[in-house]
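Here is a short briefing on one protein model. Please keep the sequence and the 3D view open while you read.

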Amino acid sequence: MSAETGELIGKLLPLLFNLMGPIGLMPMFAGLARDMSEADRKAMALRAVLLAAVAIAIAVLLGTRVLESWGIERASLVIAGGVVLTLSALQPLFFPAARGGGPPEGATARDLAVSPLAFPGIAAPKAIAVIIIFATFLDQPAEQLTIAGAVAFILLLNYGAMRIADWFMAKIGMVPLQVLGAVFGVLQVALGVQMIANGFGFHGQPG
């Protein structure tokens with residue numbers, strides 16, 4: 001494994017934490033589950049995580065096969081990943097998301113587990129795009145297992161975060177999440193720019 005590849009894998013976990021982790025998920029879940037029973041909250045959290053896991057697995061499997069069949073160079077994959085990371089980190093600065101409220105009228109826990117919790121709350125398009133790019137670029141078995149383990153860890157973390165979301169929002173509130181979001185957003189921009197620079201450095205190397 002090259003130094004550049006090891007560096008990318010080392011940064012994958014905090015990157016996924018920012019793209020599909022609990023920073024934005026906890027306030028969303030707390031708002032949606034505000035008037036639900038404990039059993040419904042638990043079922044909704046579990047269903048959302050399972051649906052997101054299945055969707056990510058299918059999307060990554062199909063996406064990596066398509067990219068491989070197109071014969072895209074590894075350098076182009078790294079540059080594409082850097083562009084996605086940079087733009088997705090800058091988006092909240094120019095287009096801030098609206099604060100989430102309660103669930104839509106008539107929506108059941110099963111409905112909400114699908115949308116907005118699983119899609120796009122956990123399995124956000126930008127997160128799936130980055131996972132596909134990483135999985136295509138890092139195509140060795142050990143690297144693939146590392147990526148799968150990182151995704152599984154974030155999914156488990158999300159389930160735990162949803163289970164304590166009400167307590168967290170009531171006792172601690174949004175400020176720590178906003179601070180974490182700002183810190184990880186800056187790091188994501190820096191990583192995106194670095195990946196673009198690395199991608200240009202990979203040009204001329206064998207795929």
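This is a predicted model: local features need pLDDT of at least 70, side-chain atom pairs count only at pLDDT 80 or more; totals for chains, interfaces and linings use all residues.

A search of the whole structure finds two salt bridges.

- Leaving aside residues up to four places away in sequence, Met44 touches Phe29, Ala33, Met36, Ala109, Leu112, Ala113 and Leu117.

**Helix 2**
- Helix 2 spans residues 22-32, and eight of its 11 residues are buried.
- The helix is therefore largely enclosed by the rest of the structure.
- Its buried residues are Pro22, Ile23, Leu25, Met26, Phe29, Ala30, Gly31 and Leu32.
- One of them, Phe29, is also among the residues that Met44 touches.

**Helix 3 against helix 5**
- The axes of helix 3 and helix 5 (residues 109-122) come within 8 Å and cross at roughly 45°.
- That angle makes helix 3 oblique to helix 5.
- The crossing of helix 3 past helix 5 is right-handed.
- On the helix 3 side, the contacting residues are Asp40, Met44, Arg47, Ala48, Val49, Leu51, Ala52 and Ala55.
- On the helix 5 side, they are Ala109, Arg110, Leu112, Ala113, Val114, Leu117, Ala118, Phe119 and Ile122.

**Salt bridge Arg163–Glu38**
- Side chains of opposite charge can pair when their charged atoms come close.
- The side chains of Arg163 and Glu38 form a salt bridge at 2.8 Å, N to O.
- This pair links distant parts of the chain, 125 residues apart: Arg163 belongs to helix 7 (residues 141-163) and Glu38 to helix 3 (residues 38-70).
- Arg163 counts as partly exposed, because its relative accessibility is 29%.
- Glu38 has 46% relative accessibility, so Glu38 counts as partly exposed.

**Salt bridge Arg41–Asp166**
- Arg41 and Asp166 form a salt bridge through their side chains at 2.1 Å, N to O.
- Arg41 lies in helix 3 and Asp166 in helix 8 (residues 165-171), so the pair ties together parts that are 125 residues apart in sequence.
- Is Arg41 buried or exposed? Arg41 counts as buried, because its relative accessibility is 17%.
- Asp166 has 26% relative accessibility, so Asp166 counts as partly exposed.

Notes:
Residues are numbered from 1 along each chain as its sequence is written. Side-chain values use heavy atoms; hydrogens and water are left out. Buried means under 20% relative accessible area, exposed over 50%, partly exposed in between (1.4 Å probe, protein chains only). Helices (H or I, at least four residues) and strands (E, at least two) are DSSP runs, numbered from the N terminus. Contact means heavy atoms within 4.5 Å. A salt bridge is a side-chain nitrogen of Lys or Arg within 4 Å of a carboxyl oxygen of Asp or Glu. Axes are lines fitted to C-alpha atoms, for helices over the stretch in contact, and angles run from 0 to 180 degrees between N-to-C directions. Angles under 35 degrees count as roughly parallel, over 145 as roughly antiparallel, 65 to 115 as roughly perpendicular and the rest as oblique. A crossing is left-handed if the near helix is turned anticlockwise from the far one by less than a right angle, and right-handed if clockwise.
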